[in-house]
Amino acid sequence: MSEPTSTDREKQPPLNGRRALPSNNSNAEENDVPEMDAFGLIPRGFNPKDYLRVVDIHMFKEPHEINKQQHHTDKYFNPKLIVRRGQPFQIQIDFSRPYEPEKDQVWLEYLIGRYPQQNKGTYIPILIGDVLKPGEWGAKITHKENNSIRLSIMSSATCIVGKFRLYVAIGTPFGIIRTHRNSVTDTYILFNPWCQLDAVYLDDEKEREEYVLNDVGIVFHGDINEVKLRSWSYGQFEENILDACLFLMDKAELELSGRGNPIKICRVASAMINSKDDNGVLAGSWDNLYAYGVPPSAWTGSVDILLEYYSSKQPVRYGQCWVFAGVFNTFLRCLGIPARLITNYSSAHDNNANLQLDYFLDEEGQMDNKLTKDSVWNYHCWNEAWMTRPDLPVGFGGWQAVDGTPQETSDGMYRCGPASVQAIKHGHVCFQFDAPFVYAEVNSDIVYSRMGKNGSQVIEKIDTNSVGKLIVTKGVGSDEMVEITENYKFQEGSPEERLALETAVMYGVKKQTTPPTTYRPQKDVEMDLQVQKAVIGSDFKVTIIFKNLSRNSYTATTYLSGNIVFYTGVVKNEFKKHSFSAKLEPLSSSASDVMIKSSEYLNDLLDQASFHFFVTARINETGKILAVEKAVVLEMPTLRIKTKGEAVIGREMSVVVEFTNPLKQILENVTLRLEGPGVLRTMKKEFRQIPVMSTLIWEVKCIPERPGLRKLIASLNCDTLRHVYGELNIQVRKP
């Protein structure tokens with residue numbers, strides 16, 4: 001490259017004493033590439049037109065042409081060439097006269113960023129040769145006709161992922177002549193799960209179709225007793241989404257030379273998806289107040305969020321775990337890293353990483369909310385990304401847990417992962433990154449304790465198998481729920497599980513291994529809690545069952561506390577208190593019902609209609625305490641979606657969304673959202689109010705753009721009612 005001119009020098013940022021060149025961490029920035037690079041003084045008679053000239057370059061970049069078809073990039077709504085690394089692609093160069101290899105010196109140059117350097121992989125000169133080596137940069141002529149040559153170009157299977165600029169250079173005795181800057185020839189290079197040499201190689205075609213090419217997915221939510229699901233539109237191929245994902249890495253100032261490494265990209269993105277400490281994509285809010293923003297439950301997909309961030313450069317409000325995970329999944333799939341969204345039911349958020357969640361009770365046996373800092377989330381969503389881990393011992397590649405929800409800091413920033421799922425299962429939590437935190441999310445014990453009269457801590461109950469009881473994801477090629485708990489942990493109580501725990505403890509996960517001496521539970525009485533399934537707005541009953549296994553008669557002073565909770569297990573308020581005395585006859589069972597009326601809970605209900613019932617009973621004869629708790633989620637009404645007219649590409653059709661208000665009150669300021677990748681862009685509509693038991697009907701016209709099975713997803717939101725969804729699969733056919 002030539003000497004910088006004086007204007008170049010003015011534009012360059014001030015150098016510091018530590019590096020010869022400023023850091024090259026923006027894909028969007030460019031340098032000026034001279035069209036004539038002279039080797040010295042140019043003789044007076046020199047005329048560049050006497051040498052070979054490039055007239056045109058054909059990129060074969062249309063969705064139906066060879067490159068996008070072979071590279072599985074034909075779904076991207078993007079006019080430029082998009083290819084995957086480590087796999088050949090074709091271009092054609094038209095010259096001013098026939099190309100003569102003996103006489104003409106021609107090579108290609110791919111550049112990325114503002115300070116291209118060959119040793120950093122940001123300046124790539126490619127000579128035209130005779131053979132292509134797998135997974136290494138190279139070019140060879142496959143066809144010559146008149147003044148044109150057809151080239152097959154191979155990119156390196158480890159090259160930087162991003163948008164490259166292309167120049168064709170021609171050597172003359174006096175200097176190098178280059179094509180001028182032409183953005184039409186820009187080439188995006190992505191990760192390649194189809195290439196065996198790529199770190200993200202996945203060998204199953206059905207899995208690649210699901211984890212890379214599927215643009216809709218499913219979020220499992222609710223709680224372990226009431227699993228619920230809703231669709232999410234990832235939209236990784238929609239217009240400007242690829243550029244928005246590259247912008248994320250620019251915003252995080254990830255050095256371009258590190259952008260070929262999926263481990264680095266995942267770690268940086270897990271910090272960038274949340275807005276804490278780096279002004280990232282989404283601001284989290286868990287307090288049920290969503291002023292000046294969109295409530296997390298209203299989003300139907302990632303596209304609106306990423307596009308808003310790309311244009312405003314400011315955090316989008318608001319997200320909760322499934323929103324962070326949905327956007328993260330879009331980012332990973334868009335760049336070509338196989339990814340899936342997973343849900344862990346009864347997920348521990350243990351704030352001092354001792355593998356136990358401490359629930360403190362007061363004298364009466366009620367939960368002490370001032371002392372209790374740990375919480376069990378009804379569910380928590382994170383992502384898994386598929387890659388090799390050359391930084392770890394053999395055997396720890398494959399699925400890696402990554403989490404964009406800000407919970408705890410890691411190396412000073414709110415981020416989590418990539419942590420090898422295999423390492424978590426076997427307790428090898430010493431391997432980077434953040435394995436101890438994920439291990440605790442799926443493996444903690446819940447310990448109920450209270451302060452004794454003399455200030456000692458009395459443990460009333462240890463629950464070893466509630467946390468991380470069910471871990472699920474969407475099935476490959478279907479909407480089924482697939483359980484993947486055994487990827488994270490061995491069977492509770494098995495010798496392998498004990499060994500994995502001992503390994504984790506050896507590597508520094510803190511755990512009290514022996515129960516303290518004061519722990520002597522009441523063994524001969526069992527207490528259970530059952531809650532009737534209920535739809536929001538209706539009354540339901542809670543049943544407390546005692547089983548006396550002994551030959552003694554007992555009386556139990558029983559206290560039921562009903563709390564409205566966030567899905568993170570944090571209590572908002574207690575809405576129901578009920579105490580009674582139960583008589584426990586020898587060797588028999590007894591049941592007591594408590595009615596919960598809708599008038600008691602409706603005014604305070606939060607987003608996800610989650611309750612937490614907590615029952616404690618003191619056996620008066622022995623002074624021992626029994627404790628049991630249960631999370632409950634109410635059933636939500638659904639939106640009905642139907643279509644009018646045939647679903648054919650390029651023809652107008654209608655989508656109708658209907659909703660009936662089931663509550664005994666008027667719904668006010670209701671927002672409806674509807675989207676369907678390839679069928680319609682996100683539409684929004686506001687309704688002032690929906691009276692009791694009345695039905696709202698909203699009709700939208702649209703023109704489908706893509707064939708095949710498509711999904712329409714709708715959500716309804718107002719202050720009284722959130723998490724109301726509907727969806728419909730439609731088959732769009734070609735005209």
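The charged end of Lys313 sits over the ring of Phe247, 4.7 Å from its centre; the criterion is NZ of Lys or CZ of Arg within 6 Å of the ring centre and within 35 degrees of the ring normal. Lys685 lies over the face of Phe687, at 5.7 Å from the ring centre. This is a predicted model, in which local features need pLDDT of at least 70 and side-chain atom pairs count only at pLDDT 80 or more, while totals for chains, interfaces and linings use all residues. Residues are numbered from 1 along each chain as its sequence is written, and side-chain values use heavy atoms, without hydrogens and water.

**Aromatic pairs**

- The whole structure holds 29 aromatic pairs, counted when ring centres of Phe, Tyr or Trp (its six-membered ring) lie within 6.5 Å, with planes under 30 degrees apart called stacked, over 60 edge-to-face and the rest tilted.
- Trp322 and Tyr567 form an edge-to-face pair, because their ring planes stand at 65°, with the centres 5.8 Å apart.
- Tyr379 and Tyr567 are stacked, because their planes are at 25°, with centres 4.7 Å apart.
- A cluster linked by ring pairs contains Trp286, Trp322, Phe324, Trp377, Tyr379 and Tyr567.

**Position in the chain**

- Trp322 belongs to helix 7 (residues 321-335) and Tyr567 to the loop between strand 29 (554-565) and strand 30 (571-584), so their pair ties together parts 245 residues apart in sequence.
- Tyr379 is in strand 18 (residues 375-387), so its pair with Tyr567 ties together parts 188 residues apart in sequence.
- Helices (H or I, at least four residues) and strands (E, at least two) are DSSP runs, numbered from the N terminus.

**Burial**

- Trp322 and Tyr567 are both buried, meaning under 20% relative accessible area (1.4 Å probe, protein chains only).
- Tyr567 has 3% relative accessibility, and Tyr379 is buried at a relative accessible area of 0%.

Methods
Buried < 20%, exposed > 50% of the residue type's maximum accessible area, 1.4 Å probe, protein only.
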